[in-house]
Structure formats: C-alpha cells, structure tokens
Amino acid sequence: MRRLKHADNVISAVESGSVGSRLTASWRRSINKHGLDPTLSHAPRRYERSEVDKRRDSMGSFMELATPKLDHLFQMVGQTGCCVLLTDREGVVLDLRSSDGDAATFDKWGLWYGADWSERAEGTNGIGTCIAEARQLTIHRDEHFLSRNTVMSCMDAPIFGPDGELIAALDVSSCRADQTEAYTRLISGVVAQTAKQIETEAFRAAFPKARIVTSPEERPEGAVLLAVDSDDIIVGATRAARRVFDLGQGGALTPRPASDVLGRDTTASALERAERAALKRAIARSGGNLSAAARELGIGRATLYRRMGRLGIEVT
C-alpha cells in the first residue's frame with residue numbers, strides 16, 4: 001500500500017505540469033525520457049564480473065588511487081548501517097565497502113558489484129541523478145522514483161577526471177530507517193570532501209612532471225588546480241579551475257600562459273625581472289661559481305658579468 005501511494009505521488013507531481021523542483025524534474029525525466037514506471041519491482045540490472053573488471057581496467061590507475069580514500073570513508077560510516085560505492089560515469093558499481101552484517105541487505109537492494117544505477121535504468125536515485133546533473137546531492141527515501149528504492153537514503157558526489165569530464169560517482173547509501181536529517185547532512189559533506197580528494201589525487205597523478213598551482217578558493221564542484229609546465233604553459237585544469245578561469249568545460253585545453261590566466265605582469269620591467277630570476281637561479285645552482293653558471297645559461301662569462309651589472313646582481 002505504501003509503495004502504491006508513493007507511485008501515485010510521483011505520477012501526480014509529474015502530471016501536474018508545474019515547473020517544480022529539481023527532484024520533480026528528475027521524476028519527469030524518469031517517466032518521459034526513460035519510460036519508467038514507479039511501481040517497477042524487479043532488482044537493478046547487474047553486469048557480470050568480467051564486465052565489471054573490464055570497466056575497472058578501462059579507468060587505468062584511477063581505481064587504485066581511489067582505494068585508500070574509499071577505505072577511509074568506510075571507516076567513518078561503515079558501522080552506522082551505510083555502504084560505500086564507487087561507480088563509473090555510467091552508474092555501474094565498480095567497487096564497494098559494506099559491513100558483514102549489512103552485506104545481505106545491500107546485495108538484496110542491488111547496491112552491489114556490477115549493478116546499474118543510472119537514472120536511465122533506476123529513475124531518480126542518488127548515483128544516477130548525481131551523474132545526470134553532475135552535482136552533489138542527497139536522495140532520501142521517498143525522493144527516489146521507484147517505490148522499491150524508498151527504503152534507502154543515498155548521498156552522492158560526482159568525481160571529475162583530469163580532463164574536466166565526469167569520470168565517476170561516489171555514493172554512501174544507508175539502510176537505517178531512523179537516520180536523521182542532521183546525520184544525513186554530515187555524511188553528505190564527508191562524501192563531497194572525499195570525492196574532491198580522489199579528484200585531486202587523480203589530477204596530480206595525470207601530470208607528474210608539471211607544477212601544480214592551487215587556488216584557496218572553495219568551489220562546490222571540486223578543487224581548483226592548474227598543471228603548469230616548465231615553460232609556464234597550462235597543460236591541465238580541473239573542472240572547477242576550468243570554470244573559475246574560463247578554460248572550457250572539458251576535453252583538451254587550448255595552450256595558454258599561466259601568467260595570462262593568473263595575472264600577467266604588464267609593467268615595463270617584467271622581462272628584466274624574469275631575466276634576473278633566471279640568472280640568480282643559475283648562480284645559486286652553481287654555488288656561486290660564475291663560470292659554471294655561464295655555461296648553464298649558454299653564455300660567456302663576460303656576458304654574464306655585463307648582465308649582472310645591468311640588473312644589479314652581486315655575488316658575495
């Protein structure tokens with residue numbers, strides 16, 4: 001009876017024709033775009049383990065980088081009736097953590113390896129709607145589209161890859177009927193923070209030879225990071241950094257000097273300061289040996305002396 005009532009509420013909200021909330025918009029997609037029925041009762045589709053392994057392999061080192069973060073997250077929430085799931089960009093569960101006592105429940109609900117939690121397959125749900133809308137969210141019990149999923153609460157955050165494109169979703173789902181709204185908000189914040197940490201680790205790993213420039217600005221969509229090469233050219237940017245610095249949403253970056261993006265020095269002495277810095281670095285590396293410094297710079301000792309005099313550089 002409760003499930004039929006829920007289905008009636010969903011259909012009534014969709015058929016009302018009002019603009020409604022983001023939740024209503026997701027319910028509307030579930031019916032009108034995906035052709036789903038809220039009374040659907042069969043369990044989520046599951047891919048074979050071979051397909052799961054294939055999907056994991058396609059993500060390269062990302063899964064390995066995420067592992068310690070998933071372990072830490074589970075340590076915080078695992079004893080409170082929650083499981084931790086990591087899916088690919090299509091909503092297929094590739095990794096999970098659950099306590100032995102809760103495993104059978106989550107398995108029965110379809111919160112398990114290989115399950116397809118895309119919005120296309122399950123309607124409004126934490127994982128699928130997080131991916132569809134590319135944002136952090138919580139889908140609490142009756143907010144799910146399918147009546148059979150209203151027993152759970154799901155807190156999710158998207159993870160964007162080094163190219164700025166969505167690569168995965170991080171989910172914590174609870175089987176506790178008495179979970180409070182305050183605790184849900186707390187878990188949601190931890191999920192979002194963990195997603196940012198995984199994204200940051202993956203970004204740094206993707207640009208091992210670059211200088212990583214960070215911004216103190218907090219963005220809900222992730223860390224603001226730029227990868228800059230030895231020529232001061234931006235070679236990578238996180239999703240949040242692309243938005244902050246107007247670098248495009250995803251894909252390959254158009255090469256741009258970091259100084260242009262972070263604040264270019266347009267004064268007349270900018271080149272002189274750059275030259276001065278290059279000379280001082282070479283002198284420091286050589287331990288004050290000017291002949292060695294000149295060789296490193298590819299100039300003669302006399303030329304080095306002239307430039308040092310012009311730029312006011314003294315060696316003690």
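In which strand is Asp171 found? Asp171 is found in strand S5, which spans residues 166–174. The model is predicted.

- Asp171 is buried, yet has no salt bridge.
- Arg97 is the nearest side chain of opposite charge, and it is 12 Å away.
- The side chain of Asp171 makes a polar contact of 2.7 Å with the side chain of Ser173.
- Not counting residues up to four places away in sequence, Asp171 touches Cys83, Val84, Leu85, Ile127, Cys154, Met155 and Asp156.

- Strand S1 covers residues 82–88 and pairs with S2 in the antiparallel sense. Four bridges link the two strands.
- Leu86 stands opposite Asp95 in S2.
- Four residues lie between S1 and S2 in this hairpin. Gly91, in the turn, has a positive phi of about 85 degrees.
- Strand S2 runs over residues 93–97. Five of its five residues are buried, so S2 is largely enclosed by the rest of the structure.

**Asp107 in helix H5**
- Helix H5, residues 100–109, holds Asp107.
- Asp107 counts as partly exposed because its relative accessibility is 29%.
- Asp107 is in contact with Arg46 and Trp112, leaving aside neighbours within four places in sequence.
- Ala43 is 64 residues from Asp107 along the chain, and their C-alpha atoms are separated by 10.0 Å.

Definitions and conventions:
Residues are numbered from 1 along each chain as its sequence is written. This is a predicted model: local features need pLDDT of at least 70, side-chain atom pairs count only at pLDDT 80 or more; totals for chains, interfaces and linings use all residues. Side-chain values use heavy atoms; hydrogens and water are left out. Buried means under 20% relative accessible area, exposed over 50%, partly exposed in between (1.4 Å probe, protein chains only). Lys and Arg count as positive and Asp and Glu as negative; His and the chain ends are not counted. A salt bridge is a side-chain nitrogen of Lys or Arg within 4 Å of a carboxyl oxygen of Asp or Glu. A polar contact is a pair of N or O atoms within 3.5 Å; within protein, one must be able to donate a hydrogen and the other to accept it, and residues adjacent in sequence count only if both atoms are side-chain atoms. Contact means heavy atoms within 4.5 Å. Two strands pair if DSSP finds at least two bridges between them.
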